[in-house]
Amino acid sequence: MTITDFLERIQLDRDYQGQIRHIETIPAREAAYGELARPIPGVLRTALAGAGIERLYSHQVDAIEGIRDGRNVVVVTGTASGKTLCYNVPVIENLLDDPNAKALYLFPTKALAQDQLKALTRLASLDGTLTDLVRTGTYDGDTTRHTRRKLRDEGNVILSNPDMLHAGILPYHAKWNRFFKDLKYVVVDEIHTYRGIFGSNVANVLRRLRRVCEHYGSSPQFVCSSATIANPKELAERLIGLPVDIVEKDGSPRGKKYFVLWNPPYVDLTKMERRSSNVEGHWLMAELIAEGFQTIAFGRARVVAELIYRYTKDTLERRKPEYASKIKAYRGGYLPQERREIERQLFSGELMGVASTNALELGIDVGSLDAAVIVGFPGTIASSWQQAGRAGRASDESLAVLVAYNDPIDQYLMRHGEYFFRQSPENAVIDPENKYILSKHLRCAAFELPVTDGDETLFGKLTRPIVELLEEFHDLKELDGRYYWATTEYPAREVSLRTISDATYTIVDVAQDNSVIGVVDGISALELVYPEAIYLHEGETYFVRELDLEQKVAYVEKKEVDYYTQPVLESSIRILKEKQTKTWRGDQVFFGDAAVTWVTSAFKKIKFYQLDSIGWSNLDLPQIQLSTAALWLVPARDLMHEIREMGRNPVEGLVGIRNMAISVLPLFSMCDRRDIGGIVDSSNTGSPTMFLYDRYEGGLGFAETGYHAIEELMRGCLELVSECECETGCPSCVGLPVLRPAIQQDQEGHAGAWPIPDKESARLLLEAMLAR
């Protein structure tokens with residue numbers, strides 16, 4: 001059966017109700033090759049030939065020439081385009097010229113480092129000279145102490161991740177002095193993942209790396225790679241703090257791809273509720289696997305991946321029993337050896353399918369999959385294409401399906417397929433000089449080497465005031481203009497690169513001698529493993545018996561139930577400082593600092609396969625406080641009075657606008673809607689006010705982007721509400737008045753929890769604001 005045959009067949013299925021809204025056919029592309037000015041050395045050429053590589057694609061040639069010329073380079077090409085060779089070739093060439101040279105490869109995940117290690121060792125093994133020359137290995141949390149010492153002393157190509165560089169290498173740089181002295185290349189792979197708080201942290205780690213290298217007399221060249229985003233050159237330069245050249249003309253071939261926009265059907269006459277997207281996604285996955293197509297399904301959260309896996313397995317046991325054991329779930333929290341085994345089984349073809357979070361979005365080589373089912377818009381167009389690219393990694397035809405949620409941005413994309421397929425990918429936003437992030441890394445930097453005035457060129461203009469503040473708190477001691485670390489603490493241990501919360505909770509199974517089955521950050525723990533929650537792991541349901549807030553441990557036990565749980569969040573906000581203000585069409589708009597408080601106040605039980613709530617319980621958990629950046633819009637009083645005179649509630653309309661704005665803002669800033677919070681409140685200004693804020697300490701530029709793009713933001717909201725087919729309001733337009741879906745949870749489970757804001761009030765308010 002071909003992809004075309006499959007699409008025709010499902011449209012004849014009894015469960016098909018016109019879900020296909022658009023099919024985009026992406027034509028095949030022929031390869032474009034190039035020639036290097038100086039031939040590749042013979043032994044390396046022999047190894048490449050042994051790997052079936054006789055010619056280089058044009059982008060590989062451009063990248064290698066740039067690296068040979070000593071320039072920092074960022075390579076921006078599609079999935080499976082051979083970006084790895086862009087840096088492996090010049091690195092090995094350099095080792096052939098200088099056996100003492102060193103290279104450090106940084107990957108965002110341990111899994112990707114392991115995968116790239118296999119590729120590098122496979123290439124080196126194809127020629128005896130290279131086998132002896134390339135001394136490589138992964139240096140991460142899973143590496144044994146003996147192997148760590150051997151790599152540090154003898155390795156010349158070390159593969160690691162920013163977390164290990166931050167906490168396990170830089171603080172001990174004296175032991176690495178020979179490696180840093182001869183360090184020629186630093187490869188930073190998949191830089192599009194380094195955005196938001198993670199990217200801001202990594203940018204500071206890379207500045208600390210450059211600082212240590214300078215101490216040992218080296219100045220390594222940086223080679224970056226990225227999936228397609230709007231600002232790869234800017235992002236690379238912000239990450240490493242140096243100029244880079246960009247290589248972005250992709251010369252690799254690709255097979256024909258069919259990209260389908262799939263909208264679940266309405267289940268009520270009022271056109272407010274749609275069939276569960278998770279159920280639709282699992283049905284597609286099961287049908288594809290039953291027809292022999294190796295398939296990956298992506299869910300936006302851990303719970304979604306687990307639900308799709310559970311549903312698909314159940315369906316295949318009835319529909320195609322021999323395939324039911326050939327699917328797996330894949331996400332963070334599984335043991336490393338479990339994840340490696342799943343990757344191996346996918347690559348070998350032993351598995352027919354996997355339900356994953358974005359953990360498999362990156363370039364781990366799992367072979368040529370036939371289809372990708374993306375359940376819910378991943379938050380960015382760049383991520384959508386990255387996930388879709390996991391299917392069709394060879395020259396064969398492939399299928400990608402985006403299954404929409406019943407929320408504003410997903411429904412907008414269903415109505416405007418041209419936007420999705422013609423729009424440029426988003427900008428990646430990072431802020432290395434965020435004072436909260438920078439202060440932590442300056443503590444780490446001082447632990448590594450004394451901080452001097454010259455470090456301002458690396459860390460920015462806030463270096464001096466932050467260092468002086470750290471001295472006041474007795475973290476640093478100044479001596480002859482140099483600031484030394486002054487305590488016995490180990491600061492890197494206190495800094496998590498991937499979340500603003502440094503706390504980590506352990507999830508243990510009490511029925512299995514308290515064996516650890518997962519971990520979760522401090523903020524997510526209060527939304528995922530609260531008392532009486534159902535925690536999903538490998539498709540199984542675990543009941544949370546206790547959450548120990550002091551020891552940071554969640555105690556769970558396996559329990560067969562027919563439901564899962566969703567947290568209910570409440571929030572409040574206080575303005576701390578106005579930084580910018582303007583009058584926009586007669587209304588006041590502000591940007592500044594704000595303090596947000598939220599709490600998991602209750603949870604509800606959601607029956608599997610349905611969106612029905614079958615029970616509620618209140619919770620007594622501590623509040624979480626956040627100092628961040630926010631924009632706030634204060635509609636003019638006469639405008640609000642005008643809407644009230646029409647018989648509508650303007651505050652309810654403002655709530656609807658808030659909900660839509662949270663969904664529309666990610667179109668202007670590379671963030672997920674879960675990175676943004678929103679509140680409608682009158683206590684701060686004495687008038688109904690819409691707040692949008694960054695969900696990160698100190699803010700990361702998302703709300704500020706909204707402040708500067710307030711016109712486009714409001715027009716986007718008006719377009720959403722005007723084009724929605726519902727009569728009075730639904731999750732596809734004015735949405736639900738919730739703070740946000742919890743980070744690791746299924747956003748579908750929030751349907752029906754609160755009254756939906758009045759659509760007409762929101763529309764009239766937007767029209768009135770934009771008509772001024």
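Contact here means heavy atoms within 4.5 Å. In this predicted model, local features require pLDDT of at least 70 and side-chain atom pairs count only at pLDDT 80 or more, while totals for chains, interfaces and linings use all residues. Residues are numbered from 1 along each chain as its sequence is written, and side-chain values use heavy atoms, with hydrogens and water left out.

Ile534 belongs to strand β21, residues 534–537; helices (H or I, at least four residues) and strands (E, at least two) are DSSP runs numbered from the N terminus. Leaving aside residues up to four places away in sequence, Ile534 touches Thr541, Tyr542, Phe543, Val561, Tyr563, Tyr564 and Thr565. Ile534 is buried, its relative accessible area being 5%; buried denotes under 20%, exposed over 50% and partly exposed in between, with a 1.4 Å probe and protein chains only. A distance of 42 Å separates the C-alpha atoms of Ile534 and Leu209, which are 325 residues apart along the chain.

## Domain layout

The protein is divided into domain 1 (3–26 + 259–422), domain 2 (33–247), domain 3 (435–494), domain 4 (499–561) and domain 5 (567–771). These bounds come from an automatic or database domain assignment.

## Interface of domains 4 and 5

About 1,400 Å² is buried between domain 4 and domain 5, with carbon and sulfur atoms giving 70% of that area; buried area is the accessible area (1.4 Å probe) that two parts lose on being put together, summed over both. On the domain 4 side that touches domain 5, α22 (522–528) and β22 (540–548) each supply at least two residues. Helix α22 provides the largest share of that side, five residues. By class, the side of domain 4 that touches domain 5 holds 10 nonpolar, two polar and two charged residues. Nonpolar covers Ala, Val, Leu, Ile, Met, Phe, Trp, Tyr, Cys and Pro, charged covers Asp, Glu, Lys and Arg, and polar covers the others, Gly among them.

## Residues with positive phi

His474, although not a glycine, has a positive phi of about 65 degrees. His474 is placed in the loop between α21 (463–472) and β17 (476–479), and is exposed, with a relative accessible area of 61%.

Lys552, also a residue other than glycine, has a positive phi near 60 degrees. Its place is in the loop between β22 and β23 (553–558), and Lys552 is partly exposed at a relative accessible area of 28%.
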